Amino acid sequence: MTPIPWQERPAGKTDVVWRYSENPIIPHDLIPSSNSIFNSAVVPFEDGFAGVFRCDSKTRQMQLHSGRSADGINWTLSNERIQFWPDNDQVAEINNFEYAYDPRVHWLEDRYYVTWCNGYHGPTIGVGYTHDFETFYQLENAYLPFNRNGVLFPRKIKGKYAMLSRPSDNGHTPFGDIYYSESPDMTHWGCHRFVMGATSGWQSTKIGAGPVPIETAEGWLLIYHGVLTSCNGFVYSFGAALLDRERPWQVLYRAEPYLLAPQAPYERTGDVPNVAFPCAALTDEDGRLAIYYGGADTVVCLAFAYVDEVVDFVKANAAS
């Protein structure tokens, strides 16, 4: 297995999460068609890595593109957006492209599932899959509009597929909480449960699930984004919580401080200032963690941590 991207914590630093010194790893103009590339999802694939990337076009249309990398840092992206083929005749009825953004990707059972914010009379959660990151198939949308931040769990829970999402509205959504849903067949979603909502400070306006949850002995480690509304607009940071392994709508611990806030120049300046938005995380047998996140809705960045340290941080800083 190809080693995940990694850089040791800078000497003298004690932060639980630290940035890659060569950020951003993907510039806004890596491909000729892109205005910006950000909020993208990465997984191990064959002898390297593959991913689905949000590449807003020069017409500012929100699109998904596929990409490959040998090391998880240097990427080659397709200049053409992904064309999702309908998985069946019924899906063909909803296969017309409107827009697509903020994907998540992970391996589950026998394929790589992709979830994204899909345009269908407003934003909802699109679901699809691929075997090779060349041909992609679309399934039924998981929910009615309006919804964002659909994140599948990497295994079935009590025999059901499981997903987190953030019901929203048709605009920039000045609200939002995280909910849990389950499905017997990746088509029909129900048994919806409230997980957690916005609170105060860096997560006082809205929250949303980030990368695919990471299973640990302490529970599901959920890295999520939180938003506050400042006099200069929204500010997106990310933090973490631990969810029960068999009842993931139950929050065991939730850290009050953030893990990373937009403080680097490439997070503060861009198409949408003050955004650090996580969409993917890679782990290895040594407990290392590589987090892919969007900077200022313009570029793709990397940050690093140790899973055990993040878990300890969440438990030590949870509200009493």
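Which residues are linked in a network of salt bridges?

1. Arg155, Glu215, Arg245 and Glu246 form that network. A salt bridge here is a side-chain nitrogen of Lys or Arg within 4 Å of a carboxyl oxygen of Asp or Glu. Across the whole structure, the search finds 14 salt bridges.

2. Some notes on the basis. The model is predicted, so local features need pLDDT of at least 70 and side-chain atom pairs count only at pLDDT 80 or more, while totals for chains, interfaces and linings use all residues. Residues are numbered from 1 along each chain as its sequence is written, and side-chain values use heavy atoms, with hydrogens and water left out.

3. Arg155 and Glu215 meet through their side chains in a salt bridge, at 2.8 Å from N to O. The two residues are 60 apart and link distant parts of the chain: Arg155 sits in the loop between β11 (147-152) and β12 (161-167), Glu215 in strand β16 (residues 214-216). Strands are DSSP runs of E with at least two residues, numbered from the N terminus.

4. Arg155 also meets Glu246 in a salt bridge, at 3.0 Å from N to O. Glu246 lies in the loop between β18 (233-243) and β19 (251-254), so this pair ties together parts that are 91 residues apart in sequence.

5. Arg155 is partly exposed, at 24% relative accessible area. Glu215 is partly exposed at 32%, and Glu246 is partly exposed at 32%. Partly exposed is the range between buried (under 20% relative accessible area) and exposed (over 50%), with a 1.4 Å probe and protein chains only.

6. Another salt bridge joins Arg288 and Asp284, with the closest N and O atoms 2.8 Å apart. Asp284 is partly exposed, at 22% relative accessibility.

Technical notes:
Helix = DSSP H or I, 4+ residues; strand = E, 2+ residues; numbered from the N terminus.
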